[in-house]
Amino acid sequence: MVKNKLVVKSRHPAALNLLKNHAPECVDDLAWPKDFRELLGQIIETKRIRVIAAGTPGVGKTCGAELLIRLLDLDAIWLRGIKGGGIDEIKEAVVAASMVSLEGKRRAIIIDEADSYSSHALNVLRGDTMEDDDVAFIIMCNDAAKIPDAVRSRYVHLRRK
């Protein structure tokens, strides 16, 4: 079973300190183009979070996801495709996210390096799963073309180069 966790990526301690001290507090603090910040603001207002953030490493995909989690006060389940997880990992996360948290918070499933998962595994994120507005879905990847069309068509796209 996937446990409710917020994973801090292994970085140099000084870098983690810098990230904590300079993390954006609001959407306007993100170093993103104005149209992206406006779109993210609209997504936050609807509270129906279905986002694919695509772009090269370092463009702020993770930073944007972490901001969404903080602003919407979500419990987050982080999955990292680079670790070689598969369909079972995604299914377990979906089941865990559908359960009410102890604090009564909404849940979020954040899939980092999603383009490392198989199409079969990512297709779990379509269908009935998408109808649950209490669960936020954020997919982060370098190449959105590797995300199945059936999934991509259900998400708002934020693409940075």
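**Note on the predicted model: burial, cores and contacts**

1. Of the chain's 161 residues, 43% count as buried. Buried means under 20% relative accessible area, exposed over 50%, and partly exposed in between (1.4 Å probe, protein chains only). The model is predicted: local features need pLDDT of at least 70, side-chain atom pairs count only at pLDDT 80 or more, and totals for chains, interfaces and linings use all residues. Residues are numbered from 1 along each chain as its sequence is written, and side-chain values use heavy atoms, with hydrogens and water left out.

2. Surface. The accessible surface of the chain is about 8,800 Å². Carbon and sulfur atoms hold 51% of that surface. The areas come from the Shrake-Rupley method with a 1.4 Å probe; for residues, only the protein chains shown count as cover.

3. Secondary structure. The chain has 6 helices and 5 strands. Along the sequence they run α-α-β-α-β-α-β-α-β-α-β. Helices (H or I, at least four residues) and strands (E, at least two) are DSSP runs, numbered from the N terminus.

4. Contacts. Among contacts in the chain with a separation of 6 or more, 79% are between residues 24 or more positions apart. Contact means heavy atoms within 4.5 Å.

5. Strand pairing. Strand β2 (residues 75-80) is mostly covered, with 5 of its 6 residues buried. β2 pairs with strand β3 (residues 107-112) in the parallel sense, over 6 bridges. Pairing requires that DSSP finds at least two bridges between two strands. Asp-75 stands opposite Arg-107 in β3.

6. Main core. The largest nonpolar core has 25 residues. Those with the most contacts inside it are Leu-79, Ile-90, Ile-109, Ile-111, Leu-125, Ile-139 and Ile-147. Two or more residues each come from β1 (50-55), β2, α4 (87-98), β3, α5 (119-122) and β4 (135-141). The largest share, 5 residues, comes from α4. A nonpolar core is a set of buried Ala, Val, Leu, Ile, Met, Phe, Trp, Tyr and Cys residues joined through side-chain atoms within 4.5 Å. In soluble globular proteins, nonpolar side chains tend to be buried together.

7. Ile-111. Leaving out residues up to four places away in sequence, Ile-111 touches Leu-79, Ile-90, Tyr-117, Leu-125, Ile-138, Ile-139 and Met-140.

8. Leu-68. This residue lies in helix α3 (residues 61-72). Leu-68 is buried, at 3% relative accessible area. Its partners, not counting residues up to four places away in sequence, are Leu-40, Ile-44, Ile-49, Leu-74 and Ile-138. Ile-49 is 19 residues from Leu-68 along the chain, with 9.0 Å between the C-alpha atoms.

9. Ala-53. This residue is found in strand β1. Ala-53 counts as buried because its relative accessibility is 7%. Ala-53 and Met-140 are 87 residues apart in sequence, yet 4.8 Å apart C-alpha to C-alpha. Ala-53 touches Lys-61, Ile-139, Met-140, Cys-141 and Leu-158, not counting residues up to four places away in sequence.

10. Aromatics. The whole structure gives 1 aromatic pair. The ring centres of Trp-32 and Phe-36 are 6.4 Å apart and their planes lie at 85 degrees, so the pair is edge-to-face. Rings of Phe, Tyr and Trp (its six-membered ring) pair if their centres lie within 6.5 Å; planes under 30 degrees apart are stacked, over 60 edge-to-face, the rest tilted. Both Trp-32 and Phe-36 are buried.

11. Cysteines. A search of the whole structure finds 0 disulfides. A disulfide here is a pair of cysteine sulfur atoms within 2.5 Å. Cys-26 is partly exposed at 32% relative accessible area, and Cys-63 is partly exposed at 29%.
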